[in-house]
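Thanks for coming. I will go through one protein model this morning, starting from the inside and moving on to the metal site.

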Amino acid sequence: MENNSNILYAFLELQQDLFFDKIPKEKYRYFIEESIKQGTNVYEEYKGEDILDLYEKNNIQIVIDPGDGEFYKVRLRAQFEFDKAGNHKVYIYRKSIDDLAKHIGMDFDTIMKMYLSHEFFHYDEMTKNRVVANQLDSVERAKILGKKLYARINRTSEIGAHIFAKLMMDLPYMPNYYDYLYLISLKELSSSYLENREAEVNNLLQL
Ligand SMILES: [Zn+2]
């Protein structure tokens, strides 16, 4: 069984899926455990490699943008781009990452590599045709005139990427933990937020 912090942060990610409400409760564990397993398996293939070397070997360009990656009010820290010429690029938004670093007491380099690892996972799942969400069960999202419509749970790819980044960087928590820490430091979330969520999730998953 996975450690409880992985389950908690995986679940918090899963909960943000567009079709979370369509997932039967008894399948929460399936989505969490399978995504964690896939992220871990990919890590096993790259274990011991340096993330910057992996970018070089795979010809993925790292572009450090001095800005804060704000587009349409959504602030980004990193972004993957696959352009028409077939080039792979990952944009790192320096200002956003500096801001995060300052608030959570981590250094720029570690956070940047954490994001690079996350984006590398997406590159890997796409180029190797093993997108996590596509490999897991779909959920029934609607029934129209007796015909069932299904949806993929795309957040499972995010869970895979988080676990991969956690393992590559040897971090104590999945990277989305640091987003919560950041929001708590900005007082957008209360200091007991994670504790409360943990109790709620443990209860829901009967841990
Ligand atoms: Zn992602």
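**Core, one tyrosine, and zinc**

The largest nonpolar core in this predicted model has 59 residues, and Leu 14, Ile 92, Ile 111 and Phe 120 have the most contacts inside it. Helix 5 supplies the largest share of this core, nine residues. As background, nonpolar side chains tend to be buried together in soluble globular proteins.

Take Ile 111 from that list. Leaving aside neighbours within four places in sequence, Ile 111 is in contact with Ile 97, Leu 100, Ala 101, Ile 104 and Met 106.

Next, Tyr 182, which sits in helix 8, residues 176–185. Is Tyr 182 buried or exposed? Its relative accessible area is 9%, and the cut-off for buried is under 20%, so Tyr 182 counts as buried. Not counting residues up to four places away in sequence, Tyr 182 touches Arg 75, Arg 77, Asp 99, Leu 100, His 103 and Ile 104. Tyr 182 and Leu 100 are 82 residues apart in sequence, but their C-alpha atoms are 6.4 Å apart in space.

Now the metal. Which residues donate to the zinc ion? The protein donors are His 118 and His 122, each through NE2, and Glu 158 through two OE entries, lying 2.1 to 2.5 Å from the zinc ion. Along the chain the donors follow the spacing H-x3-H-x35-E. His 122 lies in helix 5, residues 108–127, and Glu 158 in helix 7, residues 155–169, so this pair ties together parts that are 36 residues apart in sequence.

Why is the arrangement irregular? Because the four donor atoms subtend angles of 54 to 132° around the zinc ion.

Finally, His 122 is buried at 12% relative accessible area, whereas Glu 158 is partly exposed at 22%.

Key
Residues numbered from 1 in each chain as written. Predicted model: local features only at pLDDT ≥ 70, side-chain atom pairs only at ≥ 80, totals over all residues. Heavy atoms only, no water. Donors = N, O, S within 2.8 Å, 3.2 Å for Na, K, Ca; no water. Tetrahedral: all angles 85-135°; square planar, octahedral: opposite > 155°, others 65-115°. Helix = DSSP H or I, 4+ residues; strand = E, 2+ residues; numbered from the N terminus. Buried < 20%, exposed > 50% of the residue type's maximum accessible area, 1.4 Å probe, protein only. Core = buried A, V, L, I, M, F, W, Y, C linked by side-chain atoms within 4.5 Å. Contact = heavy atoms within 4.5 Å.
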